[in-house]
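Let's take a walk through a protein model together, one feature at a time. Keep the sequence and the 3D view side by side while you read.

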Amino acid sequence: RRNTNCNTRKIYKISKIMNLLETIVEVTVKPYEYKWKSIDSEDAQGEFTTENNALITFDVELHLEKERKSNADNFQHHEIVFRGSTGPRTVKTKDKMDSGNPFRVFATVQAMTRDYIKRYGDEIEMIKFSADKGTGDLGRSKLYTRFAKNWSSYFTKHTWQPYIREKSDITIIYAVNKDAMSEEHQQFIRRRFKNRLKKV
């Protein structure tokens, strides 16, 4: 029993050290240079290239949500979608690919998200994006969950409420801009997903 407790403590300490190292790397890593091909309050298209010559595209897509089919009162959300290509084949980033340093890819996505929100945050009611769970210790789900937890400290100009919705293969993140979205629509989001949304 003493050996079991000792091994458990060692595993716990190693896990804490790994988390600390990952956080240090995540905070200090330099994003790739990126460029916007087009950008406005309704959508955007940007891209960057990694050291492995993988071309990552970053898109912001505007979607309208209806509370009820008979209700013309819509609200909108901006969905962030990014894909990678290492040749003629383009894949969603939820698929595993040798795209380069995952921390630098993540740092660049963060930088582009911050850039977009800095420009158009007053017009954004909600941002949605998802992350795959199946890419190992450096999987996007882990990085993006941490991103969601720190969302309010990253984007201080507005009052944000981030939520996480866990599914079997992906984590979906909803960041609600409480300054732009009405309380009625915020209640609709909570009713729609009921207990499937977790505040972070």
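Start with a word you'll need all the way through: a residue is called buried at under 20% relative accessible area, exposed at over 50%, and partly exposed in between, using a 1.4 Å probe and protein chains only. This is a predicted model, where local features need pLDDT of at least 70, side-chain atom pairs count only at pLDDT 80 or more, and totals for chains, interfaces and linings use all residues. Residues are numbered from 1 along each chain as its sequence is written, and side-chain values use heavy atoms, with hydrogens and water left out.

Let's look at charges. Side chains of opposite charge can pair when their charged atoms come close. The pairing is called a salt bridge when a side-chain nitrogen of Lys or Arg is within 4 Å of a carboxyl oxygen of Asp or Glu. By that rule, there are five salt bridges here. One of them joins D59 and R83, with 4.0 Å from N to O. D59 sits in strand β3 and R83 in strand β4, so this bridge ties together parts that are 24 residues apart in sequence.

E47 in strand β2 and K35 in strand β1 are 12 residues apart, and their side chains meet at 3.6 Å, N to O. E47 counts as buried because its relative accessibility is 16%. E183 and R190 form another bridge, at 2.8 Å from N to O. E183 is partly exposed at 41%, and R190 is partly exposed as well, at 32%.

Now for the rings. Rings of Phe, Tyr and Trp (its six-membered ring) pair if their centres lie within 6.5 Å; planes under 30 degrees apart count as stacked, over 60 as edge-to-face and the rest as tilted. The structure has 19 such aromatic pairs. In one of them, F82 and Y144 have ring centres 6.2 Å apart and planes at 20 degrees, so they are stacked. F82 belongs to strand β4 (residues 74–85) and Y144 to helix α3 (residues 140–149), so the pair connects parts 62 residues apart in sequence. Both residues are buried. F106 and F147 make an edge-to-face pair, with 5.9 Å between centres and 90 degrees between planes. F106 is in helix α2 (residues 102–120) and F147 in helix α3, 41 residues apart. F106 and F147 are buried too. One aromatic cluster includes F82, F106, Y144 and F147, and also takes in W151 and W160.

Finally, check the backbone. Most residues other than glycine have a negative phi. Which way does phi go at N53? It is positive, near 65 degrees. N53 lies in the loop between β2 and β3 (55–66), and its 63% relative accessibility is why it counts as exposed. K194 also has a positive phi, near 50 degrees. You'll find K194 in the loop between α5 (183–193) and β9 (198–199), exposed at 67%.

Notes:
Helices (H or I, at least four residues) and strands (E, at least two) are DSSP runs, numbered from the N terminus.
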